[in-house]
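Please keep the sequence and the coordinates at hand.

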Amino acid sequence: MGKLFVFMGKSASGKDTLYNMALERHPELVPVVTYTTRPVRAGETEGREYHFVNEQQMEELEKAGRVVETRCYQTVRGPWYYFTAEDGQIDFEKGDFCLISTLEGYKKIRDFYGAEKVVPLYIEVEDFERMERSLRREKKQGNPCVAEVCRRFLADEEDFSEAKLQEAGIFDRIQNESREEAVRRIEEILSREG
């Protein structure tokens, strides 16, 4: 029986990079593409980072009972939704899967599929480093918005508070100060749980 590995962490913690490295090193892991209503960022491709949909398409999936979890962020550019859909991508009979989500998303995914099938991979980085990474990433966008970087940073402080991490049963942390050390820890967890 397969497992679903859920990568999560605050914005600019390196979860996307580590997720992609895990996929490169472990071709047996099947990536699950989640959904968003936010605009495509520079360098992103439909069906690779996300399925980019509009709110009407999201509502149709909700009406069909296919949304596992959803989150809405009130951004400076309006509401952006992120969600996971039961769209046939995950089949535990066929192996191990992985996706990127938030702490709240992880809890809903865990509750939907069962704690025995869902493994958290929480990535941490020191706050100053995260802010610097966020600003560098935002500068590359067509219409950079520092206010959005600040909003995300502050929201993450609340969303990933120590109390919420403990309440969700997240005690194992992957420090991403050294990418190779973080990859080593992820591989250790994949070997142990997979």
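V67 stands opposite A85 in strand β6, where strands, like helices, are DSSP runs numbered from the N terminus (E, at least two residues, for strands; H or I, at least four, for helices). The model is a predicted one, in which local features require pLDDT of at least 70 and side-chain atom pairs count only at pLDDT 80 or more, whereas totals for chains, interfaces and linings use all residues. Residues are numbered from 1 along each chain as its sequence is written, and side-chain values use heavy atoms, with hydrogens and water left out.

Two strands are taken to pair if DSSP finds at least two bridges between them. Helix α5 (residues 146–159) packs on the sheet and touches both β5 and β6, its direction making about 130° with that of β5. Contact here means heavy atoms within 4.5 Å; axes are lines fitted to C-alpha atoms, for helices over the stretch in contact, and angles run from 0 to 180 degrees between N-to-C directions.

The sheet itself is open and consists of 4 strands in the order β4-β3-β6-β5, with mixed pairing. Its edges are β4 (50–52) and β5 (67–75), each of which pairs on one side only. On average, neighbouring strands of this sheet are turned by 25° against each other, direction ignored.

A further set of pairings involves β7 (residues 97–100). Strand β1 (residues 4–9) pairs with β7 in the parallel sense over 4 bridges, and V6 has L99 as its bridge partner in β7. Strand β2 (residues 30–31) also pairs with β7 in the parallel sense, over 2 bridges; here P31 has C98 as its partner. In a regular strand the side chains alternate between the two faces of the sheet. Accordingly, F97 and L99 point one way from β7 while C98 and I100 point the other way, and all are buried. Buried denotes under 20% relative accessible area, exposed over 50%, and partly exposed the range in between (1.4 Å probe, protein chains only).

Helix α3 (residues 103–113) comes next in this account. Its buried residues are L103, G105, Y106, K107, I109, R110 and Y113. The helix is followed by G114, whose phi is positive, near 105°.

Aromatic rings are considered next. Rings of Phe, Tyr and Trp (its six-membered ring) pair if their centres lie within 6.5 Å; planes under 30 degrees apart count as stacked, over 60 as edge-to-face and the rest as tilted. By this rule there are 9 aromatic pairs. The rings of F112 and Y113 form an edge-to-face pair because their centres are 4.8 Å apart and their planes lie at 80°. F112 counts as partly exposed because its relative accessibility is 46%, whereas Y113, at 12%, counts as buried. One aromatic cluster is formed by Y50, F52, Y73 and Y82.

What does the chain comprise as a whole? Its secondary structure comes to 7 helices and 9 strands. The C-alpha trace spans about 45 × 40 × 35 Å along its principal axes. For 194 residues, a compact globule would have a radius of gyration near 16 Å, and the chain, with 16 Å, agrees; this radius is taken over C-alpha atoms, and the globule rule is 2.2 Å times the number of residues to the power 0.38. Of the 194 residues, 47% count as buried. Among contacts between residues at least 6 apart in sequence, 68% join residues at least 24 apart.
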